[in-house]
Amino acid sequence: METILIIGGSGFIGSNFIRRIMKRKNYRVVNFDALTYAGNPDNLIDIEKNPRYTFVKGDIRIPKNLTAVFKRYRPEYVINFAAETHVDRSIHESPAVFLQTNAAGVLNILEAVRDYPVKKFLHVSTDEVYGTLSLTGGKPFTEASPLRPNSPYSASKAAGDLICRAYFETWGLPIVITRCSNNFGPYQYPEKLIPFFVLRAMKGETLTLYGDGKNVRDWIYVEDHCNALELALFKAKPGSLYNIGATHEVSNLEIAQRIADYFKLSRSKITFIKDRPGHDRRYALNALKIKKELGWQPRAQFDTVFKQTIEWYEQHSAWINKLNIK
Ligand SMILES: NC(=O)c1ccc[n+]([C@@H]2O[C@H](COP(=O)([O-])OP(=O)(O)OC[C@H]3O[C@@H](n4cnc5c(N)ncnc54)[C@H](O)[C@@H]3O)[C@@H](O)[C@H]2O)c1
């Protein structure tokens, strides 16, 4: 039986990915996660007793933690979700921890992969590395678009991507990079826009947007992202890079309005504050390459999964109550 080492599997996308990959009964999964505020063992409570699943607590900033897990489990496949992911924290709290995890931490993983060769290392990245498009123009980013990150978060992710590229070019490690647009779905830590607003709307509180709220994101349902990652992990050629996006651009204001309307909250509850510095105006991705080369297609119907996502948070008050939300 082959082993897939999933790094950062206790967060939002990682836990959805593990639930999906566990359905493949011919693989053992090792989840290596530091359990920061964003990592939550409850995200995988239904999986934790499965004999094909093992959890190892460890930090990618500490090389010997990685050496220990690679040496013990000798994974054939590795996928990295571990990151500091909240742009606001990268601005208002510590930019340094973003660089330490998202850049230096990735370097540590690559060193472990050099020492313990694998069939594939998939590094999960973001469309934010490309920077911003204007609201009125600009073609969706392709894999050939220049990297122009504007926040400490996106700069640290771009640094991680470039280190991966260098390790492919220099040592021929079997690395694949994916860059996805904004995800939504169950198990997302409620500091991110959709669950944050859903929790507030449930309590009848205001939904506060940065600036004029017209910033546009290209939303994808987490299951569609995980499906693309599964294809990339097993089918993509080493050295390849894929954008993943569902071509569904929605403004933050529309997201707030949809949530307000679902909870029959007056739209006067939507308020505005001074914009965030360096706030990217619009993201849009061209994902033709992964569709053509790996046969991926997003399947979710936005209206349906958006409503299901709201319902999931409504039905999971025990999960929410256990979170230590700052
Ligand atoms: N959420 C999105 O919309 C989105 C979009 C595109 C790409 N991504 C990328 O996907 C990946 C996963 O995102 P997410 O939203 O699930 O993040 P998340 O914040 O929900 O989870 C991150 C996970 O990484 C773990 N982690 C953090 N620092 C660590 C460290 N030093 N060592 C080991 N584990 C550590 C956390 O404990 C947590 O379990 C990230 O790399 C992110 O950049 C996210």
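Predicted model: local features only at pLDDT ≥ 70, side-chain atom pairs only at ≥ 80, totals over all residues.
**The core**

Start with the middle of things. The largest nonpolar core has 84 residues. Ile-6, Ile-7, Ile-79, Phe-197, Leu-229 and Ile-259 are the ones with the most contacts inside that core. Take Ile-6 as an example: beyond its neighbours within four places in sequence, Ile-6 touches Gly-14, Phe-17, Ile-18, Val-29, Val-30, Asn-31, Ile-79 and Phe-81.

**Helix H1**

Next up is H1, which spans residues 12-21. Eight of its ten residues are buried, so H1 is largely enclosed by the rest of the structure. Those buried residues are Phe-12, Ile-13, Gly-14, Ser-15, Asn-16, Phe-17, Ile-18 and Ile-21. And what do they pack against? Strands E1, E2 and E7, plus helix H7. Here are the partners with their residue ranges:

| Partner of H1 | Residues |
|---|---|
| Strand E1 | 2-7 |
| Strand E2 | 27-33 |
| Strand E7 | 183-184 |
| Helix H7 | 222-235 |

**H6 against H10**

Now for the helix pair. The axes of H6 (residues 193-202) and H10 (residues 302-315) come within 10 Å and cross at roughly 55°. The crossing is right-handed. On the H6 side, the contact is made by Ile-194, Pro-195, Val-198, Leu-199 and Met-202, while H10 brings in Thr-309, Ile-310, Tyr-313 and Glu-314. Sorted by type, the residues of this contact come out as seven nonpolar, one polar and one charged.

Key. Residues numbered from 1 in each chain as written. Core = buried A, V, L, I, M, F, W, Y, C linked by C-beta atoms within 7 Å. Buried ≥ 20, exposed ≤ 12 C-beta atoms within 10 Å, placed from the backbone. Contact = placed C-beta atoms within 7 Å. Axes fitted to C-alpha atoms, helices over the stretch in contact; angles between N-to-C directions. Helix = DSSP H or I, 4+ residues; strand = E, 2+ residues; numbered from the N terminus. Left-handed = near helix turned anticlockwise from the far one by under 90°. Nonpolar A, V, L, I, M, F, W, Y, C, P; charged D, E, K, R; others polar.
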